[in-house]
Amino acid sequence: FGFPLSIFFIVINEFCERFSYYGMKAVLILYFKYFLHWEDNLSTAIYHTFVALCYLTPILGAIIADSWLGKFKTIVYLSIVYAIGQAVLSVGSINDLTDHNRDGSPDNIALHIALSMIGLILIALGTGGIKPCVSAFGGDQFEEDQEKQRSTFFSLFYLSINAGSLLSTIVTPNLRATECGIHTKQRCYPLAFGVPAILMAVALVVFVIGSKMYKKVKPQGNIILQVSKCVGFAIKNRFRHRSKEFPKREHWLDWASEKYDKQLIAQTKMVLKVLFLYIPLPMFWALFDQQGSRWTLQATTMNGDFVGYFLFLFLKLTLFRPIVNPVLIVIMVPVVDYLVYPLIKKCKINFTPLKKMTVGMFLASMAFVAAALVQLQIDKTSPVFPAAGQSQIRLINLGVAPATVQFQPQLQSVDVAPNEETGYMTFETSKLKSLHIMSGFLNKTEPLELLNGQRYTLAFNWSPLGINSNFILDNITSKPEEGQNLVRFINNFPFAVNVTMGDMDFGRLSPLSVSNYSVIPKQDWSFLIRVSMPVASCTGLSRKFGFGSVYTISVNNCDNYTLDVTYFEDIAPNTVHMAWQIPQYFLLTCGEVVFSVTGLEFSYSQAPSNMKSVLQAGWLLTVAVGNIIVLIVAGASKLDKQWAEYVLFASLLLVVCVIFAIMASFYTYVDPNEIEAQFSEEKKEEDKKDQDGNEKEAEADSRM
């Protein structure tokens with residue numbers, strides 16, 4: 001096909017590197033929350049700090065490559081740093097590294113945090129540093145007359161990016177979902193981070209193997225530094241000549257004319273006009289990159305019970321993961337380019353690039369409104385736990401007769417039907433002293449010693465000898481993480497029994513005693529419950545527990561070897577379906593298509609040919625600043641409701657959208673090629689004049 005053989009190594013390198021980056025990033029927020037046990041806000045803050053670093057370091061990488069080491073050495077050296085960072089992060093996620101007492105929890109969490117942060121800093125330096133170099137290095141491999149092959153290469157290059165990100169988004173969450181460990185089995189973060197580390201090492205090896213085939217262009221100076229120096233000199237020179245005795249110049253950059261040529265100044269003016277329009281853009285990225293933080297955490301509180309395993313796997317692992325869904329992008333780009341835009345053109349609407357970007361920002365804002373509406377529904381179904389100075393008590397009547405329970409001293413009375421529960425009731429801890437149970441002609445007083453902020457269950461039944469009761473500390477202060485379910489059993493037989501469910505053994509339970517909670521391994525499975533009694537055993541099939549539920553199961557009776565059980569809902573399962581996230585992802589993806597793709601095209605069309613890299617650096621910088629905005633807004637807002645934070649971000653972007661629309665209305669489109677052609681003609685005329693002058697001087701000298 002006329003390609004240099006070296007291109008093969010570059011494309012494979014990019015595929016492996018993108019697999020490594022997106023694979024690690026896909027489970028990063030979950031690692032922060034569930035392994036390091038950071039709260040949502042801290043996890044979000046560190047996640048966005050990392051992403052910001054990844055988009056700040058490309059400027060450093062471009063300067064190093066163009067001014068010092070060259071692209072090849074920069075890629076090799078920073079890839080080594082990158083691979084070391086991935087390896088350090090993987091080692092830091094090994095639970096057994098400090099779990100000396102083998103209780104399943106790290107004994108020195110500070111060491112794991114330190115290793116993780118060192119690893120992430122090295123990764124940010126590596127991935128950001130090579131980001132501007134690899135594609136440009138690939139372009140260097142072609143000759144000037146190979147424009148068609150170079151264009152095809154860039155298509156293959158970006159295909160390798162999407163293939164690597166899509167594959168890793170499916171693979172690494174599955175690797176994390178497996179259980180591994182020497183002493184205790186837990187989510188396998190070492191494997192989820194280890195495979196990307198191996199892929200990064202493979203990327204480095206593949207790239208180095210092709211070393212002798214590469215065309216290596218020597219560093220020729222960085223245009224970003226030249227532009228920065230030109231701007232700096234103009235500002236400094238203008239400040240020196242600020243008195244009124246010096247005449248004003250048409251543009252403040254014209255103060256650089258004493259040192260820099262007119263063409264560089266004119267090109268810098270064009271670039272600064274575009275960079276000025278970049279000022280509002282970080283707000284879009286502030287919302288966009290929350291797919292990997294807030295939206296992923298939102299998905300963990302939802303019902304993931306999709307119809308059919310493969311549909312579940314596809315939706316959960318592609319739509320609801322922390323990167324832009326490449327599948328939606330692949331679908332929406334051609335739909336927008338070949339259907340939406342032509343229809344708008346037929347309607348004779350002047351849909352300029354800046355108007356498209358404004359629409360993209362509006363769609364992203366609406367995506368967060370959709371996210372807020374989903375969050376409101378989630379909050380409605382979320383359990384309310386006792387606040388400071390409060391306790392909650394639930395009553396379970398396991399007897400065959402109705403009962404009345406009085407909360408002393410004279411707080412309230414509650415009737416409880418047989419085999420029913422009341423749900424949790426909230427009381428001020430200091431005011432509640434005892435419970436008085438009355439059933440038929442029997443009664444019993446249960447003295448209380450309550451702890452602040454805790455939930456309790458009073459389970460009781462009655463026998464000819466009186467009322468039996470057990471006041472139980474539930475010790476549950478939040479919904480189970482990652483959609484897991486917790487189950488415990490209470491024995492309602494008049495004798496001790498052994499209880500098992502599937503492979504889980506809940507031990508021997510005496511009458512009215514309760515087991516500890518156990519995690520149910522599969523949300524969408526039913527399990528065989530077996531109760532072993534002194535003379536026989538009974539079995540029954542459990543219900544499916546859904547996502548994020550907690551149940552107390554009472555084993556009551558055995559009829560013809562069939563077990564009779566009652567389910568008491570300690571915490572209701574997640575009822576808001578993950579599919580309700582599809583609208584917000586769809587809106588944000590549409591926003592990305594008309595904002596990001598159009599923005600890059602607009603920037604390149606308005607930039608001089610030798611300053612594309614300046615705008616590339618500026619564009620990446622807006623992504624970094626956007627992630628910093630998330631840190632500032634989330635930290636300063638102090639909103640205790642997640643839906644309110646979504647509305648805040650949506651409102652901010654809507655305001656910025658209006659500001660950007662006003663700025664865009666004053667922008668005048670230019671043709672850089674035409675301006676450069678004018679300078680080229682002027683230069684030719686000057687050169688011709690100089691040549692004519694030299695010829696005349698030579699002729700005069702010859703006459704003398």
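**View 1. Pairing of strands β3 and β7 in the predicted model.** Strand β3 (residues 390-397) and strand β7 run antiparallel and are joined by 4 bridges; strands count as paired if DSSP finds at least two bridges between them. Phe427 in β7 is the bridge partner of Ser391. Buried denotes under 20% relative accessible area (1.4 Å probe, protein chains only). Strands are DSSP runs (E, at least two residues) and helices are runs of H or I (at least four), numbered from the N terminus.

**View 2. The largest nonpolar core.** This core holds 114 residues, of which Ile10, Met24 and Phe50 touch the most other members. Its largest share, 10 residues, comes from helix α16 (residues 612-637). A nonpolar core joins buried Ala, Val, Leu, Ile, Met, Phe, Trp, Tyr and Cys residues through side-chain atoms within 4.5 Å.

**View 3. Surroundings of Phe50.** Beyond neighbours within four places in sequence, Phe50 is in contact (heavy atoms within 4.5 Å) with Tyr21, Met24, Leu28, Leu120, Ile123 and Ala124.

**View 4. A second, separate core.** Phe489, Phe506, Ile529 and Cys538 are among the 21 residues of this core.

**Notes.** Residues are numbered from 1 along each chain as its sequence is written, and side-chain values use heavy atoms, without hydrogens and water.

Technical notes: Predicted model: local features only at pLDDT ≥ 70, side-chain atom pairs only at ≥ 80, totals over all residues. Buried < 20%, exposed > 50% of the residue type's maximum accessible area, 1.4 Å probe, protein only.
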